[in-house]
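Dear colleague,

I am handing over the structure we spoke about, and below it you will find my notes on what came out of the analysis. Please read them with the model open beside you.

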Amino acid sequence: MSSVDLDAVRAERDRIRDAHLQPAGQRPASSARGLHHTALISSDVERTIRFYQDVLEFPLTELIENRDYPGSSHFFFDIGNGNLLAFFDFPGLDVGPYAEVLGGLHHVAISVDPQRWQRLAGKLADAGVEHAVHSDVSVYFRDPDGARIELIADPLGEMYGHQVL
């Protein structure tokens, strides 16, 4: 990795913030109602269900055929607040291993109650899932297909004590 001029990076971040970030009371309302679902790819439907429903306690809400790829499943987990985490499988299609690439998914951060966060971090350990805890509120791990997931004990709209919404 090449050396980075941190002062220049910070100055550019400040410039962008000053040019584009409006104070909370001055921002227009969003045109969106919320995140309907985020869709990831599963190489094994049942293994994915066992992980998300049994380990992470996200109830499976539906399992249907993917309308865009005959034979493919499209299934959904309730992640609270009317939001869904969805998956596709693509039988017969070699999609290759998970990769973090420019323009791709880095991680999905899901807010959970602090007491539930403690229990879920313990369940990850009990299930032998490698994970890392940061700032006593975030636990990062990879799902069975390698997607990076974060469970964060901060409330929605807050991150590490800062209001972000």
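Phe 51 is buried, since its relative accessible area is 7%, and in this predicted model Tyr 52 is likewise buried, with a relative accessible area of 0%. The rings of Phe 51 and Tyr 52 make an edge-to-face pair, because their centres are 5.2 Å apart and their planes stand at 85 degrees, which is over the 60 degrees required for that class. Phe 75 counts as buried at 0% relative accessibility, and Phe 77 is buried with a relative accessible area of 0%. The count of aromatic pairs comes to 10, and one aromatic cluster is formed by Phe 51, Tyr 52, Phe 58, Phe 75, Phe 77, Phe 87 and Phe 141.

Turning to the nonpolar core, the largest one has 26 residues, and those with the most contacts inside it are Phe 51, Tyr 52, Leu 56, Leu 124, Phe 141 and Leu 151. Two or more residues are given to this core by each of helix H2 (45-55), strand E3 (73-78), strand E4 (84-88), E5, helix H3 (114-126), E7 and E8, and H2 gives the most, with five residues. If residues up to four places away in sequence are not counted, Leu 56 touches Phe 51, Leu 120, Leu 124, Phe 141 and Leu 151.

As for the strands, there is an open sheet of four, in the order E5-E8-E7-E6 and with mixed pairing. Strand E5 (108-111) and strand E6 (131-134) are its edge strands, each of them pairing on one side only, and neighbouring strands of the sheet are turned against each other by 20 degrees on average, direction ignored. Within this sheet, strand E7 (residues 138-142) and strand E8 (residues 148-152) run antiparallel and are joined by five bridges, and Arg 142 stands opposite Arg 148 in E8.

Several residues in loops also deserve a look. Pro 59 lies in the loop between H2 and strand E2 (60-65), and it counts as partly exposed because its relative accessibility is 40%, a value that falls between the cut-offs of 20% for buried and 50% for exposed. Leaving aside residues up to four places away in sequence, Pro 59 touches Gln 53, Phe 76, Phe 77 and Asp 78. Between Pro 59 and Pro 91 there are 24 Å in space, C-alpha to C-alpha, and the two are 32 residues apart in sequence.

Which residues have a positive phi although they are not glycines? One of them is Asn 81, with a phi of about 60 degrees, which is placed in the loop between E3 and E4 and is exposed, with a relative accessible area of 65%. Another is Tyr 160, with a phi of about 55 degrees; Tyr 160 is found in the loop between strand E9 (158-159) and strand E10 (162-163) and, at 36% relative accessibility, counts as partly exposed.

With best regards

Terms used
Residues are numbered from 1 along each chain as its sequence is written. This is a predicted model: local features need pLDDT of at least 70, side-chain atom pairs count only at pLDDT 80 or more; totals for chains, interfaces and linings use all residues. Side-chain values use heavy atoms; hydrogens and water are left out. Two strands pair if DSSP finds at least two bridges between them. Axes are lines fitted to C-alpha atoms, for helices over the stretch in contact, and angles run from 0 to 180 degrees between N-to-C directions. A nonpolar core is a set of buried Ala, Val, Leu, Ile, Met, Phe, Trp, Tyr and Cys residues joined through side-chain atoms within 4.5 Å. Buried means under 20% relative accessible area, exposed over 50%, partly exposed in between (1.4 Å probe, protein chains only). Contact means heavy atoms within 4.5 Å. Rings of Phe, Tyr and Trp (its six-membered ring) pair if their centres lie within 6.5 Å; planes under 30 degrees apart count as stacked, over 60 as edge-to-face and the rest as tilted.
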